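Let us take a friendly walk through a two-chain model. Please have the sequence and the 3D view at hand.

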Amino acid sequence: MKKTIIVLTMLLMMLPINGSVFAQSDDLNFIMQKAKSSVEKILSRSHETKPFAADVESAQNYLKKAEAELKTNTNWRGKVNEAAIPTVKHYANMAEVMCQVVQSRLEKVNQEQENSRLEKLIPETEAKIKIFEAKNKEIKLLKDELAKPRGAMKSISGELSALKLEKINMTKEVSSLKTENANLTGQVAALNGVVDSLRNDVVDKTKKIEDLKALQGQKGDDIAKTRNKLNKINSIWQDVSKINVLSKLNTTGMTLIIPRNDLIKTPAMKMASGSETIIGKLAELMKKYPDMKAQIKVYGFGKPDKTENTKATENMAGILKTALVKAGGAAANISASGAGTTAPLYSKSAVEDNRRVEITFSDIISQ
Amino acid sequence: MKKSIIMISLFLSAATGIPSAFAQNISQATVDQLLKTKAALAALAQTKANIYSKDILDEARTSITKAQERIDAKKEKAALESLEMAQTLMNYARVKSEEREAAEKTAVTRAKLEKLQKNLEDILSGKEGAQ
């Protein structure tokens, strides 16, 4: 009985202790499992953890120590020596912390890489912003530029309307001025016609004046000539008067009527005595007026025919011409002819008066 | 009966253990290591690690406290383990701090980039004032 009581008491005392040991074992398993998992995790990222090889190795070593400690302190029934548990936990926790260190270092590297990547993107983005800002500015300026003409268009439109109105008014004015101009052109044309007419008149008048002046000059000349002729005639007349023969003026000149007997004796047909004086005076007269022409015409009358007919009077005219040339008269200016009995001046009874010599001086006035 | 009492006593002693029976003297090196670890923790607490990895530093601080307690309890091996853990945690705190700082830097860069990208998207989509 006593033995039974002792065994039961021992069992009762053992129970809580075993429960605590099992609980600690579970906790240890969990910690170990966690440490193993963490170490495996960082080992799987060996390519990344190369720079932190020492930390990785440290974690591994702590895990190994924990495993070794655990193994050493676990009996054949799988029971872990209670005294060793804190050390095992310590190593497992150390392995876990070292894994966290490694992970933290990895994370730091990742963050730095990410930061570096992001920092590279910043200037790129800023450059893009700058470009687009510049574009936006440009667009704004263009918009402003576009807006400006709209405002300007309004004022231009107003100006255009005013200009159109002004144009209409000016068109009317131009039309009015055109009409006025046409009227004025007509008036000017009419005035030009008048002016032309007046100009023609002036030309005509001028011409007439010039003609009149010419005529006046000519008349003056004519008057002078006439005066000279008259003076000449007067001079000749005075010279002729000195010859003491009958004389008369006619339209062509001056005719001297000289009794035939004073110049020629018939029937002898010779120069009469005393005729030299008359012939001399006539010759002097012809020399004084060398342009003057002298026509000697001898007239007969009655009988006998041999001294009175035309032939006889022509002979007598020739004799007189010869005498006059001999006395100094120019032969070229002297013509001689016989008239016979065809032109008596007086009645039949005045025989000797009808027998005469007429000397006509011509070209006196024409000179 | 006496035998039973003695056996029970022996069993209980074996089951619960008598730490004092295994207590040993703590070496000066361990004490020095504790002091150095404390100083290192204090120095680390003045760095960015106190901002970025305060949780880990707290864990390290707890480990140091545990080490101190173990030293006080004359458990040198356990104290050394706690100190080792504290130092590893401090290293982890430094590394984590660098990682978080890098992450924060990346986040700032990403935020800046995202802002620029949004700005760019706005410009491209023709939003007014997107400059």
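Predicted model: local features only at pLDDT ≥ 70, side-chain atom pairs only at ≥ 80, totals over all residues.

Residues are numbered from 1 along each chain as its sequence is written, chains are lettered from A and ligands numbered from 1 in the order in which they are written, and side-chain values use heavy atoms, with hydrogens and water left out.

**The two chains**

Chain A has eight helices and seven strands. Here helices (H or I, at least four residues) and strands (E, at least two) are DSSP runs, numbered from the N terminus. Of the 367 residues in chain A, 28% are buried; the word buried stands for under 20% relative accessible area, exposed for over 50%, and partly exposed for what lies in between (1.4 Å probe, protein chains only). Chain A has an accessible surface of about 23,600 Å², and 58% of that belongs to carbon and sulfur atoms. Such areas come from the Shrake-Rupley method with a 1.4 Å probe, and for residues only the protein chains shown count as cover. If you take the contacts in chain A between residues at least 6 apart in sequence, 72% of them join residues at least 24 apart, where contact means heavy atoms within 4.5 Å.

Among the 131 residues of chain B, 35% are buried. Chain B exposes about 8,100 Å², with carbon and sulfur atoms supplying 57%. For contacts in chain B between residues at least 6 apart in sequence, 69% join residues at least 24 apart.

**Where the chains meet**

How many residues does the contact take from chain A and from chain B? There are 34 from chain A and 32 from chain B. The size of an interface is often given as the accessible area lost when the parts come together. Between chain A and chain B the buried area is about 3,300 Å², and carbon and sulfur atoms give 71% of it; this is the accessible area (1.4 Å probe) that two parts lose on being put together, summed over both.

The count of salt bridges between chain A and chain B is two, a salt bridge being a side-chain nitrogen of Lys or Arg within 4 Å of a carboxyl oxygen of Asp or Glu. One of them pairs A:E114 with B:R110, whose closest N and O atoms are 2.9 Å apart. Nine residue pairs are in polar contact across the interface of chain A and chain B (both at pLDDT 80 or more). A polar contact is a pair of N or O atoms within 3.5 Å; within protein, one must be able to donate a hydrogen and the other to accept it, and residues adjacent in sequence count only if both atoms are side-chain atoms.

On the side of chain A that touches chain B, α1 (2-44) and α4 (85-243) of chain A each supply at least two residues. The most comes from α4(A), with 28 residues. By class, this side of chain A has 16 nonpolar, nine polar and nine charged residues. Ala, Val, Leu, Ile, Met, Phe, Trp, Tyr, Cys and Pro count as nonpolar, Asp, Glu, Lys and Arg as charged, and the others, Gly among them, as polar.

A:T125 sits in helix α4 of chain A and is buried, with a relative accessible area of 6%. Leaving aside residues up to four places away in sequence, A:T125 touches B:L113, B:L116, B:Q117 and B:L120.

A search of the whole structure finds 24 salt bridges over all chains.

| Pair | Closest N to O |
|---|---|
| A:R105 and A:D55 | 2.6 Å |
| A:E284 and A:K287 | 3.3 Å |

A:R105 lies in helix α4 of chain A and A:D55 in helix α3 (residues 53-72) of chain A, so this pair ties together parts that are 50 residues apart in sequence. A:R105 is partly exposed at 22% relative accessibility, while A:D55 is buried at 14%.

A:D239 and A:K242 are three residues apart in helix α4 of chain A, a separation of about one helical turn. A:D239 counts as buried at 14% relative accessibility, whereas A:K242 is exposed, with a relative accessible area of 55%.

A:E284 and A:K287 both belong to helix α5 (residues 275-288) of chain A, and they too are three residues apart, about one turn of the helix. A:E284 is partly exposed at 48% relative accessibility, and A:K287 is partly exposed at 44%.

Finally, a network of salt bridges links A:R260, A:E308, A:E352 and A:R355.
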